Amino acid sequence: QKPYDFLIVGAGFFGSICARELTNQGYSCLVVEKRDHIGGNCYTEKRDDIHLHVYGAHIFHTSNEKVWTWINQYAKFNHYTNRPIANYKGELFALPFNMWTFNQLWNVNTPAEAQQIIAEQGKDIQGEPQNLEEQAIKLVGKDIYEKLIKGYTAKQWMKDPKELPKEIIKRLPVRFTFDTNYFNDRYQGIPEGGYTQIFEKLLEGIEVRLGVDYLADKSTFNAMANKVIYTGPIDSYFNYQHGELEYKTTRFDHVKHDYPNHQGVAVMNYTEEEIPYTRIIEHKHFEFNETPSTWISYEYPEPYKADVTEPYYPVNDQVNNDLFQKYRSLANQEEQVFFGGRLGEYKYYDMHQIIDRALTMVNTFTKKSMNDSTTTG
Ligand code: FAD
């Protein structure tokens, strides 16, 4: 008899939701987490009465009623609406591209005038665009490409946009209205008191061991539970036997200033290539906080190195998706181990999508678990 029904690897949204739901259904769970805190990449830390998003800005948005009802059991959301600003060589523009942006760029006031300029500037791209640069110019014209896309994309991908596949920006959010709300979702906001308290509530009464790398002692941990839910990188689980999956990663430099307001907005994108960071986040504006000091975070894209840098964004191109399928086949052969979450499924999921997936998938784990609860790992 093993001491736990489920070992859950990772205390992000996927792992924590599984732990809560399974515990509620009467299963015993042990959660192990490599980092020294719970919350995964949504973790926020209180610094000088400001909730700092340690692994990058996390804005909750969804149109999924089920998810919105579910999350509201754990947090009260404020009315934050994401309206980022682009800074190109000191000139400020509204994002996503909308009538304010076109007015700032070209001094036009009507959608027809803006559409005409975009069409005019995109007409040089004859036939099928061959790369990201051509695709972008075709979609939004030269000015927007040069000022707001080119440098930012080059920094983000660490490549010249001419060398990037056009598929990355098949669609660009362009609005011929004066709506500066970044998201189209029905619900949006930041949890009052930060994200970490959501995870504290989710994991209440559940055994969590922090600072524990499951992969460093896999067999010991496997011997402790009938089933494993693994939310770490799928390639590292299989010891990179088919090669490494690619991720985009970012370094976050958090800086405190002893004055109340640095940039007057939560998110400012720096779109020129010469400035090495892509964005500055000023955390207090997520929560309408009036503290005397402020915390800001610079975001620097960095090359990814497995087991050294953090795997943030899966790169879901053909090569990586094919490689993932090989790992998926291996995963299907693991009868006692379930793979879930952004890293386990190698898919870029927003929070609301991960919550939906965890709430759905956890029931398949229990069904399978009850069927073969007598088998050992
Ligand atoms: P994670 O949060 O990554 O949790 C996985 C956990 O597993 C981690 O804590 C990790 O330490 C742990 N782990 C991994 N390997 C091991 C191991 N071997 N042993 C023990 N523990 C292990 N979503 C939005 O909706 N809005 C946003 O604005 C937004 N912004 C984002 C910004 C950034 C920079 C990033 C990276 C993501 C953003 N997201 C956003 C997405 C959001 O972070 C994810 O949807 C969510 O965190 C996924 O939860 P998860 O549990 O799958 O993964």
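Which residues does His285 touch, not counting residues up to four places away in sequence? Contact here means heavy atoms within 4.5 Å. By this criterion, His285 touches Tyr80, Asn261, Gly264, Val265 and Ala266.

The model is predicted, so local features need pLDDT of at least 70 and side-chain atom pairs count only at pLDDT 80 or more, while totals for chains, interfaces and linings use all residues. Residues are numbered from 1 along each chain as its sequence is written, and side-chain values use heavy atoms, with hydrogens and water left out.

An automatic or database domain assignment provides the domain bounds. Domain 1 comprises 4-44 + 65-76 + 189-246 + 311-371, and domain 2 comprises 100-169. Between the C-alpha centres of domain 1 and domain 2 there are 38 Å.

His285 is located in the loop between strand E13 (279-282) and strand E14 (294-302). Helices (H or I, at least four residues) and strands (E, at least two) are DSSP runs, numbered from the N terminus. With a relative accessible area of 18%, His285 is buried. Residues are called buried under 20% relative accessible area, exposed over 50%, and partly exposed in between (1.4 Å probe, protein chains only). The side chain of His285 makes polar contacts with the side chain of Asn261 at 2.9 Å and with the side chain of Glu282 at 3.0 Å. A polar contact is a pair of N or O atoms within 3.5 Å; within protein, one must be able to donate a hydrogen and the other to accept it, and residues adjacent in sequence count only if both atoms are side-chain atoms.

In the whole structure, 19 salt bridges are found. A salt bridge is a side-chain nitrogen of Lys or Arg within 4 Å of a carboxyl oxygen of Asp or Glu. One of them joins Asp49 and Lys46, with the closest N and O atoms 3.6 Å apart. Asp49 is partly exposed at 48% relative accessibility, and Lys46 is exposed at 55%. Another joins the side chains of Lys150 and Glu146 (3.8 Å, N to O). Both of these residues, Lys150 and Glu146, belong to helix H6 (residues 142-157) and are four residues apart, about one turn of the helix. An α-helix has 3.6 residues a turn, so residues three or four places apart point the same way. Lys150 is partly exposed at 27% relative accessible area, as is Glu146 at 38%.

A salt bridge also forms between the side chains of Glu345 and Arg357 (2.9 Å, N to O). This pair links distant parts of the chain: Glu345 lies in the loop between helix H11 (341-344) and helix H12 (351-371), and Arg357 lies in helix H12, twelve residues apart. Glu345 is buried, at 9% relative accessibility, whereas Arg357 is partly exposed, at 30%. Asp48, Lys256 and Asp258 are linked in a network of salt bridges.

Helix H4 (residues 111-122) has twelve residues. From its first C-alpha to its last, H4 reaches 16 Å, close to the expected 16 Å at 1.5 Å a residue; the expected span is 1.5 Å times one less than the number of residues. The buried residues of H4 are Ala114, Ile118, Gln121 and Gly122. Because they cover an arc of only 95 degrees around the axis, they are on the same side of H4; the arc is that of the directions from the helix axis to the C-beta atoms. These buried residues pack against helix H3 (99-106), helix H5 (132-140) and H6. The face of H4 turned away from its buried side carries the exposed residues Ala112, Gln116 and Ala119.
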